[in-house]
Amino acid sequence: MLPDSQVAGLNQSKPRNSAVLRITLRQVLDFPGGKVAFTPQMEFLSESPEVRSPCYRVLDEYGLSIEHSSFAEVSKEVAIKMYSDMVTLQTMDTIFYEAQRQGRMSFYVTTIGEEAINIASAAALSISDIVVPQYREPGVLLWRGFSLQEFANQCFGNKGDNGKGRQMPAHYGSNKHNYFTIASTIATQLPHAVGAAYSLKMDKKDACVATYFGDGGSSEGDFHAALNFAAVLEAPVIFICRNNGWAISTPLSDQFRSDGIVVRGKAYGVRSIRVDGNDALAMYSAVHAARKMAISESRPILIEALTYRVGHHTTSDDSTKYRSADEIECWRVKRDPVSRFRKWIESNGWWCDETEMELRSSVRKQLLHAIQVAEQAEKPPIRDLFTDVYDVPPANLCEQEKLLKETIKRYPQEYPAHVSV
Amino acid sequence: MAAIFHGVGAATALSPSPSHSVDSKKFQLAPSRSLSARKGRIAVVRSDSSVNLSLNSRGRKDHLWIPNAVATKTDDSAASTASKSGHEILLFEALREGLEEEMDRDPHVCVMGEDVGHYGGSYKVTKGLAEKFGDLRVLDTPIAENSFTGMGIGAAMTGLRPVVEGMNMGFLLLAFNQISNNCGMLHYTSGGQFTIPVVIRGPGGVGRQLGAEHSQRLESYFQSIPGIQMVACSTPYNAKGLMKAAIRSENPVILFEHVLLYNLKERIPDEDYICNLEEAEMVRPGEHVTILTYSRMRYHVMQAAKTLVNKGYDPEVIDIRSLKPFDLYTIGNSVKKTHRVLIVEECMRTGGIGASLTAAINENFHDYLDAPIVCLSSQDVPTPYAGTLEEWTVVQPAQIVTAVEQLCQ
């Protein structure tokens with residue numbers, strides 16, 4: 001605070017009429033951007049809040065609903081499907097990860113620890129909502145009806161893959177399920193989501209877009225612009241951030257210095273909420289509410305789901321190199337979102353040990369079978385190397401295909417025998 | 001990126017006169033910094049950095065603006081207007097006309113870019129469209145090229161046909177990630193499930209003292225990206241035709257316009273027409289040498305052609321128009337006839353369209369060549385601001401004449 005003499009001095013330096021010389025608080029002027037109140041006290045907004053934004057949670061760690069909590073109603077059918085899908089996702093991750101370790105699959109990305117975010121958010125959306133994923137959200141596709149065989153086919157890149165073997169494993173996509181094909185690039189899907197929402201808005205559809213990204217992805221330029229665009233455009237997008245604490249080996253403290261991602265919503269004029277991402281019921285409620293707001297008010301919503309990445313970044317990573325195995329174990333066992341939700345449905349009398357055993361063994365069997373089938377299925381033909389680059393293969397690609405075929409014919413021993421031409 | 005083309009060089013392009021009868025003479029009254037000092041001998045720096053001193057009493061003005069662009073065309077090309085009916089139009093208006101017709105025809109076509117809405121676009125290509133089609137369909141975006149290009153891709157994946165405008169092609173370098181990794185790729189990696197019928201367009205090339213950052217030739221950088229098509233327009237006729245064809249194409253198309261060609265005037269047909277995206281345009285049939293060019297260099301070539309004809313040469317001039325893929329059919333037929341090739345481009349020598357074209361022709365038509373292919377390009381330097389220096393980075397008609405003379409010895 002400046003001493004009075006200096007303040008007075010400041011005013012005296014301006015040769016204006018005496019009305020202006022008076023120090024008045026709450027004086028308002030019209031700069032571009034709207035009216036803003038003046039203050040003679042120089043005050044910097046703090047870089048960090050005294051209290052961090054609170055986290056919305058409905059179930060405690062024992063799976064019991066917290067007193068005075070407000071959440072959306074979930075019917076028995078939906079709750080059971082949610083839980084079953086969470087178990088299926090968890091089992092699929094375990095089995096596919098093992099398959100990769102055994103050398104049967106070349107690469108895999110697990111979602112361990114984030115099952116609640118995946119399934120609960122998917123459950124709160126409708127099938128006409130467009131999903132634009134990053135790469136750790138196969139649960140959304142699972143909820144929508146993508147079969148275990150289809151997951152396996154994509155991972156093995158065989159003829160049954162609707163992506164025709166062109167993408168890395170776990171880079172799913174299905175226009176039938178309104179799930180954009182995953183690209184490995186980080187956060188590039190966020191502007192896509194805004195574009196898709198723009199399309200929905202033009203067509204005045206009763207649907208929104210849900211897009212996912214991680215804490216690391218929030219550092220990308222596309223994140224900034226997508227939020228900004230969505231706000232300006234008033235586009236019905238739900239931005240769901242899976243803040244799982246790690247971007248490969250980069251912890252949050254090296255990623256940003258803000259209070260997580262939720263506070264950034266305000267910076268762009270986007271309504272936001274922080275949710276316990278391991279609480280399936282809270283996730284469901286938040287996305288349910290967000291969807292309603294996004295569509296009826298035509299606005300973007302930002303949801304920061306706090307969670308923990310229990311698995312490694314991908315099968316190419318060994319996270320014990322940069323974090324303690326104890327920390328991982330603690331989150332895996334003590335804070336597992338799946339068992340937490342299980343306790344809640346059990347407390348409602350909707351689940352028991354027997355059904356649990358049945359489900360797990362059935363899913364496991366199905367998955368092992370799916371892998372077997374996928375492994376033995378034919379790979380896509382050489383011809384598919386050249387299709388879909390354009391709508392119709394142009395002359396140069398036809399020529400290149402011809403050249404490749406001739407080369408294969410001349411040196412058949414250099415090429416895998418079981419891939420058809 | 002700073003939008004500095006409100007500067008002197010592009011002033012004529014930015015603000016069309018209210019009567020649309022701007023004729024090319026107006027451009028000869030280029031801003032005052034024209035080089036009245038340059039009379040008599042001028043040094044022409046060739047792209048191979050040898051310096052030719054040639055007597056040229058004409059001032060700079062005549063060099064850079066070809067007043068007879070229209071007249072030269074109507075002699076020859078079947079692709080130009082056939083009838084005396086039709087209407088006169090400037091190139092930027094032709095682009096707009098094409099865009100507007102497609103927007104009328106298909107409600108999925110929309111426009112997004114900086115200042116395309118009520119401002120009408122920096123080069124007025126989208127003028128009036130926001131008033132007609134609304135603010136949502138002609139969308140003003142914040143300044144984030146990567147992101148509004150990404151937005152266009154997402155909208156395209158959902159069924160729209162966006163036309164994304166880069167205020168200057170150089171700004172689309174920011175969109176390279178989206179264009180290369182997503183636009184060109186997602187149709188393929190999704191197994192054909194999602195199509196990306198997006199058109200990305202904007203002005204590029206060397207203008208009048210726009211500075212290095214606003215003088216980019218992006219066709220060099222983009223030519224390798226699988227999954228996209230690239231076309232360059234050069235006349236009001238093909239500008240409209242290519243715009244319409246690009247919008248109707250299921251593939252992502254990048255349409256290259258040139259900052260200095262927006263005010264070209266031509267008479268185009270009244271009826272609906274499109275130009276084939278993969279076809280080159282025969283500008284002037286000939287026997288002695290094939291000159292391949294595109295965009296603004298077409299006019300430098302035609303200027304040189306007049307001189308060459310006077311000297312007794314018969315050059316065949318082809319505007320390649322389709323930069324990716326090359327129309328090797330038309331080009332090949334020409335090479336088989338003339339056996340000599342000169343490529344005239346505005347790209348840098350290294351890694352430009354000319355470099356790829358040279359390789360393609362050598363590979364495919366080596367037996368038909370009587371001489372090595374000559375490629376005239378800009379030097380591998382950022383475009384300087386000073387007018388004199390800038391002029392020497394662009395291939396001038398005199399260089400083209402010399403190159404043909406040497407090639408035909």
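Author: Helices (H or I, at least four residues) and strands (E, at least two) are DSSP runs, numbered from the N terminus. The model is predicted, local features need pLDDT of at least 70, side-chain atom pairs count only at pLDDT 80 or more, and totals for chains, interfaces and linings use all residues. Residues are numbered from 1 along each chain as its sequence is written, chains are lettered from A and ligands numbered from 1 in the order in which they are written, and side-chain values use heavy atoms, without hydrogens and water.

Reader: Where is B:Lys124 found in chain B?

Author: B:Lys124 sits in the loop that runs between strand 4 (109-113) and helix 6 (129-133) of chain B. The phi of B:Lys124 is positive, about 65°, and the residue is not a glycine.

Reader: On what value is A:Lys204 classed as buried or exposed?

Author: The relative accessible area of A:Lys204 is 75%, and therefore A:Lys204 is exposed. A:Lys204 belongs to the loop between helix 7 (189-202) and strand 4 of chain A. Phi of A:Lys204 is near 55°, again a positive value in a residue other than glycine.

Reader: How many bridges join strand 3 of chain A to strand 4 of chain A, and how many join strand 4 of chain A to strand 5 of chain A?

Author: Two strands pair if DSSP finds at least two bridges between them. Strand 3 (residues 130-132) and strand 4 of chain A are joined by 3 bridges and run parallel, with A:Val132 opposite A:Thr211. Strand 4 and strand 5 (residues 237-243) of chain A are joined by 6 bridges and also run parallel; here A:Phe213 stands opposite A:Cys241.

Reader: What handedness has the β-α-β crossover from strand 4 of chain A to strand 5 of chain A?

Author: The path leaves strand 4 of chain A, passes through helix 8 (residues 221-233) and reaches strand 5; this crossover is right-handed. The term means that, with the strands pointing away from the viewer, the path from the first strand over the helix to the second runs clockwise.

Reader: How many residues of strand 7 of chain B are buried?

Author: In strand 7 (residues 199-204) of chain B, 6 of 6 residues are buried, and the strand is mostly covered. B:Val199, B:Arg201 and B:Pro203 point one way, B:Ile200, B:Gly202 and B:Gly204 the other, and all are buried.

Reader: Which strands are joined by bridges to strand 7 of chain B?

Author: Strand 6 (residues 161-165) of chain B is joined to strand 7 by 3 bridges, in parallel, and B:Val164 stands opposite B:Ile200. Strand 9 (residues 253-258) of chain B is joined to strand 7 by 6 bridges, also in parallel, and B:Arg201 stands opposite B:Leu255.

Reader: What is omega at the peptide bond between B:Lys324 and B:Pro325?

Author: Omega is about 0° there, and the bond is cis. B:Pro325 lies in the loop between strand 14 and helix 13 of chain B.

Definitions and conventions: Buried < 20%, exposed > 50% of the residue type's maximum accessible area, 1.4 Å probe, protein only.
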